[in-house]
Amino acid sequence: MRRDRAAGDAAAQEPAHDAMPAVDSRLLVREEGLRGYLQEFSRKLRSGELGSLPVVVAVIIIWTVFGSLDSTFLSAQNLSDLSQQIVGTGMIAVGIVFVLLLGEIDLSVGSVSGLCAAIFAVLNVLNGMNEWLALLVALAGGAVVGLIHGFFFAKVGVPAFVVTLAGNLAWNGLMLQVLGSSGTVNIPSESIVSKLYSTIFHSPAAAYVTAAVGVGLFLAASLLDARRRQAARVPFRPVAEIVLRTAVIAALAFVAAYILNRYQGLPLALLVFLILLVVLDFVLRRTTYGRRIFAVGGNIEGARRAGISVPFVRMTVFSISGLMAAVGGIFLAGQIQSASQTSGGGNLLMNVIAAAVIGGTSLFGGRGSVWSALLGALVIGSIQSGMNIMGVSNAVQFMITGSVLLAAVVVDSLSRRSQKAAGRA
Amino acid sequence: MLTLRGISKRFGAVQALKDFDLEVHAGEVVALVGDNGAGKSTAVKSIAGVNPPDEGVIEWQGRAVSINRPHDAQNLGIATVYQDLALCDNLDVVGNLFLGRELRRFGVLDEVRMEQRSRELLDTLSIRIPSVRIPVASLSGGQRQTVAIARSLIGDPKVVILDEPTAALGVEQTAEVLDLVERLRDHGLGTILISHNMVDVMAVADRIAVMRLGRNNGFFDKRSTTTEEIISAITGATDSAVTRRQARKREEER
C-alpha cells in the first residue's frame, strides 16, 4: 500500500511543491486517473513486484477447478467450514511470516503447537486447573519456547535452521512426556478451547456488522490519512482512489458475510483471526518495532549501525513465532477437541511454511505481510478441502501440497530475480 | 570544532596509528588521503567510536571527550557515512532516512511528518530522487550515496565523515555527490572526506591531510598546493616541510 502511494509522488509533486526542481524526464511519472493506475500496475508486474497477485490467481483457479469437479465445494457450508479450518494453520503461519521477514526460518512450530495444546489439556482437563489460567500458561509456554530458540540464534549464534530443527524434535519429545501414558486427552466441548473454535454467531447481523465495521474503519483511516497528508503538503491518495479501494474491500467483505450467513453465520475463530491480523499488520507497518523487523530483514549491518538492537529483534520475533504456534495449536486442539500424540505432527509444519510463502512473503527476508498467512492458508485449506471432497488419498494430497509449495517458492525466486533486474531488490 | 591530538592505535603487532593529529573547523572540508593501509579508516573509526584509540586526546568544541561507542559520537554530533552505506534496500527512502530515529505520534510511526521532513531535507540539499516512497534498491549508486549522506544529517550533526563516497560512482554521479559535499560546507558543517581520488579531493577540499604508515605526513592548503606535492607526500617520495616542523616541535617539547 505504501508503495502505491509512492508511485503517485512524482505526479503530485509539482502542485504540492512549487520550489521543487523540474521533474527529470527519466523519472517515474504516473499519469492521473485510471489509465495511470493500469500503467503502474503493468510496470509493477514486469518488474516482478507481484505482491499478492499470484495467490489471488491461485485461489480463483483452485476454486474454479474444484467447483466444476464437484458442486459441493463452492457450497455455503463447505466455504464456511473452510473459513474455520484455515484458522489454526493461519495463526501458526502468521508467526512464520514474522520469522521469514527476518530472512530466517522456524522449523519447530509444528511441535510447539502440539506441545502447547498438550500443556493446556493436561493442566485443565487432567489436573483441573482453571481453564483461563491453563490457556495463559500454554500460550506463555509457546512464547518462552520461541524465546529459547531466539536466544540460541541471536546470542549464541547457532543458525536458526539448526536451532529450530533441534527444537522440533525436542519439543515433540516434551509433548509426549507431558501427555504421559494416557496418550490422548479429550477436551470437553464446553471447554473454552473447544468453544473458541466451534462458536458461531448465528445472527446474520453479526457477520454484516463485522463487515461494515471493518470497511468503515478502513475508509475512515484512509480518509484521515489523506487529509493529514494534504494538510502537510505531501502526496496523498485522491478521494476517488480511496473510494475505489474501499468498494473492492466492501464487496469482498459483504460477499463473505453473505456466504457465511447462508450457512450458519460468522465463526468466532475467523473473527479472532481477522482481528489478530489487523492488529499485527498495524504492528508491522505502523510501529517502530515493525520497522525494525523489516530493517533487520533488509540489512543486518545497516540496522545495527542505525542503533537497532539486532539480538532483541531476533529474540522477540522468534518468541512471537512460538506464541503464534501456541495460539494455532490451541485452535487446532479445539477443532479436533483433543490433544494427542499426533498433535502438531504430520504435514502441519510444511503446510504453515507453505501458507506463509504462498501468500507472498519472501523467503529472502524483508518483504511480506501478515495477510499472506490468511491468503496462503486459504490456498492450502482449499486444496485439502477440495481433495477431501473428491476422495483423493493422503499420498496424493502430500505430493500436491509439496508441489504447490515448490511452485510458490519458484514464483518467489523468479520475482526476486526480475526485481533485481528492474533494480528493485 | 573537532581536534585530534596524538592519537595512537595498535592492533596486535600492527601500529595502525601513531601520534595522529587532525583538526576540522565548521564550514570546512578536510580531505584525508593516503595509500591503502595508511590508517585512514582506523583514524575515522576512532572518531566514530567504532575502535576507540589507545592513546591521545579527542577535543570537541574545545573540551576533551571520550568516544567509546558509535552512540557517543552520534550524541556529540559526529555522523559517519561508511563506504558500504548500510542502507536497507527493502525500505523506502523515508524509512532509511529515519531508521533508528523514527518520529512517532501517539506511539505510532508518524509517516506524514517523516515524509515532510525528508522532502525538506532533500530539497535543501537539492538531492533529486524519483520519489521518497520507493525502495532504496531502485536508486542508482549516486542516489544511494546521497541518501546515505542525507541520512547522516537527520540528527543535525556538526561534523560529517564521508568514507570514500565516490569510489564506486560514475562521472555524473560523482559530480552529484561532490556538489552535495560543497552544500554541506555551505550549511556550516565540518566535513572529513576520505578519498583516493585526487581530482575529487582537489575539487572540494579546503585542506588536505596526508597520512602515511599510520602517521601524519603533512597538511596542505588547497590554494597553495599542487596534486603532485600531495601525491609525493602520500607515496613518501618527499616528506613535507610541515611534518618536519611538527616532528621538530615534538622533539623540543620532550
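What pLDDT does chain A average, and what percentage of its residues score at least 70? In this predicted model, the average for chain A is 87, and 88% of the residues reach a score of at least 70. Residues 1-27 of chain A, however, have a pLDDT below 50, although in the model this stretch has 45 contacts beyond near neighbours in sequence. Where pLDDT is low, the predicted coordinates should not be read in detail. For chain B the average pLDDT is 86, with 95% of the residues scoring at least 70. Within chain B, confidence is lowest in helix α9 (residues 241-253), with a mean of 67, and highest in helix α3 (residues 93-97), at 93. The model as a whole scores ipTM 0.81 and pTM 0.86.

Chain A may be taken first. Its secondary structure comprises 17 helices and 4 strands. Of its 425 residues, 43% count as buried. Among contacts in chain A between residues at least 6 apart in sequence, 76% join residues that are at least 24 apart.

One helix pair of chain A can be followed in detail. Two packed helices are described by the angle between their axes and the distance between the axes. Helix α4 (residues 76-101) and helix α14 (residues 310-336) of chain A have axes that come within 7 Å and cross at roughly 175°. An angle over 145 degrees counts as roughly antiparallel, and α4(A) and α14(A) are therefore roughly antiparallel to each other. On the α4(A) side the contact includes V87(A), M91(A), G95(A) and F98(A), and the residues they and their neighbours in the contact meet in α14(A) include F318(A), L323(A), M324(A) and F331(A). By class, this contact of α4(A) with α14(A) has 16 nonpolar and 6 polar residues, and no charged ones.

H202(A) lies in the loop between β2 (200-201) and α9 (204-231) of chain A. Is H202(A) buried or exposed? H202(A) has 12 other C-beta atoms within 10 Å and is therefore exposed, since a residue with 12 or fewer falls in that class. Leaving aside residues up to four places away in sequence, H202(A) touches Q264(A) and G265(A). The C-alpha atoms of H202(A) and Y263(A) are separated by 9.0 Å, although these residues are 61 residues apart along the chain.

Chain B can be read through its sheets. Strands of a sheet pair through backbone hydrogen bonds, either parallel or antiparallel. In one open sheet of chain B, 4 strands take the order β2-β1-β4-β5, with antiparallel pairing. The edge strands are β2 (14-24) and β5 (63-65) of chain B, each of which pairs on one side only. Neighbouring strands of this sheet are turned by 30° against each other on average, direction ignored.

Within this sheet, strand β1 (residues 2-11) of chain B pairs with β2(B) over 7 bridges in the antiparallel sense. I7(B) has F20(B) in β2(B) as its bridge partner, and L4(B) stands opposite L22(B) in that strand. The hairpin of β1(B) and β2(B) has 2 residues between the strands, and G12(B) takes a positive phi near 55° there. Helix α1 (residues 40-48) of chain B lies across β1, β2 and β4 (55-60) of chain B, and runs at about 65° to β2(B).

Another open sheet of chain B has 6 strands in the order β6-β9-β10-β3-β11-β12, with mixed pairing. At its edges stand β6 and β12 (215-221) of chain B, each with a single partner strand, so one side of each is left without a neighbour in the sheet. The twist averages 20° from one strand to the next.

Inside this sheet, strand β3 (residues 29-34) and strand β10 (residues 190-194) of chain B run parallel and are joined by 4 bridges. A31(B) has L193(B) in β10(B) as its bridge partner. Helix α5 (residues 141-153) of chain B packs on the sheet and touches β6 and β9 of chain B, its direction making about 165° with that of β6(B). Helix α8 (residues 227-235) of chain B also packs on the sheet, where it touches β3, β11 (207-212) and β12 of chain B; its direction makes about 25° with that of β11(B).

β6(B) pairs with strand β9 (residues 159-163) of chain B in the parallel sense over 4 bridges, and A79(B) stands opposite V160(B) in β9(B). In a regular strand the side chains alternate between the two faces of the sheet. Both faces of β6(B) are covered: I78(B) and T80(B) on one side, and A79(B) and V81(B) on the other, are all buried.

Conventions. Residues are numbered from 1 along each chain as its sequence is written. Chains are lettered from A and ligands numbered from 1 in the order in which they are written. This is a predicted model: local features need pLDDT of at least 70, side-chain atom pairs count only at pLDDT 80 or more; totals for chains, interfaces and linings use all residues. pLDDT is the predictor's confidence in each residue, from 0 to 100. Two residues are in contact if their C-beta atoms, placed from the backbone, lie within 7 Å. Two strands pair if DSSP finds at least two bridges between them. Axes are lines fitted to C-alpha atoms, for helices over the stretch in contact, and angles run from 0 to 180 degrees between N-to-C directions. A residue is buried if 20 or more other C-beta atoms lie within 10 Å of its own, exposed if 12 or fewer, and partly exposed in between; C-beta atoms are placed from the backbone. Angles under 35 degrees count as roughly parallel, over 145 as roughly antiparallel, 65 to 115 as roughly perpendicular and the rest as oblique. Ala, Val, Leu, Ile, Met, Phe, Trp, Tyr, Cys and Pro count as nonpolar, Asp, Glu, Lys and Arg as charged, and the others, Gly among them, as polar.
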